[in-house]
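The exercises below ask you to read a model step by step, and each task is followed by a worked solution. Keep the sequence and the structure in view as you go.

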Amino acid sequence: MAAVHPPLPPMVLLEYSDVYDRTPILSRELRAKVIIHEQRKTETCIASAAAYYRIHPLILKGIFKQEGGDVGVISRNKNGTNDYGKGQINSVWFNEFALQGIRVSWQQLTFNNCFNIYTAAYIYTIHFRETGNVSKAIANYHSKTPVKGAAYLDKVFKHIKTMVQEDAS
């Protein structure tokens, strides 16, 4: 039996525009405008995705800080997969999305910052539902290999601790 995962909210799916499918043929200037527009929405999208999936926003912010991605960023991995956008969503997720009936393109993940943020929250939520544990869900966001996940978790927690200390001062 296939696992039932939380849906991506309709408002995010409706926000998609075919401009993202045509991104490779856009001029540099138009692509830059798309990126700037998407970056401005980051904080609102993080708050909205956190509320929708009932995740503390600092968890998402810590993950994003560790991932080091942003609008327009595509990272090539040693294993031949790609990571896209702010949450560095790995291309292996395309199959999972397809099984859930969710159409996701690399352009959406790369250039639609809010879509990427919601997708990262969706992936974290899948891991949380599988494990029932915040720490394991954060670790599994990066890797289900215990050693790699634990190292990732430590780094995310350091980012969260730094953000909390900065807010306190």
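**Exercise 1.** In which helix is the place of Glu 67?

Solution. This is a predicted model, and the place of Glu 67 in it is in helix 4, which covers residues 57-67. As a next step, look for what Glu 67 touches when residues up to four places away in sequence are not counted: the list is Lys 86, Gly 87, Gln 88, Tyr 141, His 142 and Tyr 152. One of these, Gly 87, is 20 residues from Glu 67 along the chain, and yet the C-alpha atoms of the two are separated by 6.2 Å.

**Exercise 2.** Describe how helix 4 packs with helix 7, and classify the residues that meet.

Solution. Begin with the geometry: helix 4 and helix 7 pack at an angle of about 105 degrees, and their axes are 11 Å apart. Because angles of 65 to 115 degrees count as roughly perpendicular, helix 4 is roughly perpendicular to helix 7. Then find the residues: helix 4 brings Ile 59, Leu 60, Ile 63 and Phe 64, which meet Ile 117, Ala 120, Ala 121 and Tyr 124 in helix 7. Sorted by class, this contact has 8 nonpolar residues, with no polar and no charged ones.

**Exercise 3.** Carry out the steps again for helix 3 (residues 42-53) and helix 7.

Solution. Here the packing angle is about 30 degrees, with the axes 9 Å apart. Since angles under 35 degrees count as roughly parallel, helix 3 is roughly parallel to helix 7, and the crossing of these two helices is right-handed. Among the residues that helix 3 contributes are Cys 45, Ile 46 and Tyr 52, and those of helix 7 include Asn 113, Cys 114 and Tyr 122. The whole contact divides into 10 nonpolar, 4 polar and no charged residues.

**Exercise 4.** What are the angle and the axis separation between helix 7 and helix 8?

Solution. Helix 7 (residues 113-131) and helix 8 (residues 134-142) pack at an angle of about 130 degrees, and their axes lie 8 Å apart. That angle makes helix 7 oblique to helix 8, and the crossing in which helix 7 passes helix 8 is right-handed. Divided by class, the contact holds 8 nonpolar, 3 polar and 1 charged residues.

**Exercise 5.** Which strands stand at the edges of the sheet?

Solution. The sheet is open and has 3 strands in the order 1-2-3, with antiparallel pairing. Strand 1 (74-76) and strand 3 (89-90) stand at the edges, and each has a single partner strand, so one side of each is left without a neighbour in the sheet. Strand 1 runs antiparallel to strand 2 (residues 82-84), to which 3 bridges join it, and Arg 76 stands opposite Asn 82 in strand 2.

**Exercise 6.** Over which residues does pLDDT stay under 50?

Solution. Start from the whole chain, where the mean pLDDT is 84 and 79% of the residues reach 70 or more. The stretch asked for is residues 10-25, for which the model has 32 contacts beyond four places in sequence.

Definitions and conventions
Residues are numbered from 1 along each chain as its sequence is written. This is a predicted model: local features need pLDDT of at least 70, side-chain atom pairs count only at pLDDT 80 or more; totals for chains, interfaces and linings use all residues. Side-chain values use heavy atoms; hydrogens and water are left out. pLDDT is the predictor's confidence in each residue, from 0 to 100. Contact means heavy atoms within 4.5 Å. Axes are lines fitted to C-alpha atoms, for helices over the stretch in contact, and angles run from 0 to 180 degrees between N-to-C directions. Helices (H or I, at least four residues) and strands (E, at least two) are DSSP runs, numbered from the N terminus. Angles under 35 degrees count as roughly parallel, over 145 as roughly antiparallel, 65 to 115 as roughly perpendicular and the rest as oblique. A crossing is left-handed if the near helix is turned anticlockwise from the far one by less than a right angle, and right-handed if clockwise. Ala, Val, Leu, Ile, Met, Phe, Trp, Tyr, Cys and Pro count as nonpolar, Asp, Glu, Lys and Arg as charged, and the others, Gly among them, as polar. Two strands pair if DSSP finds at least two bridges between them.
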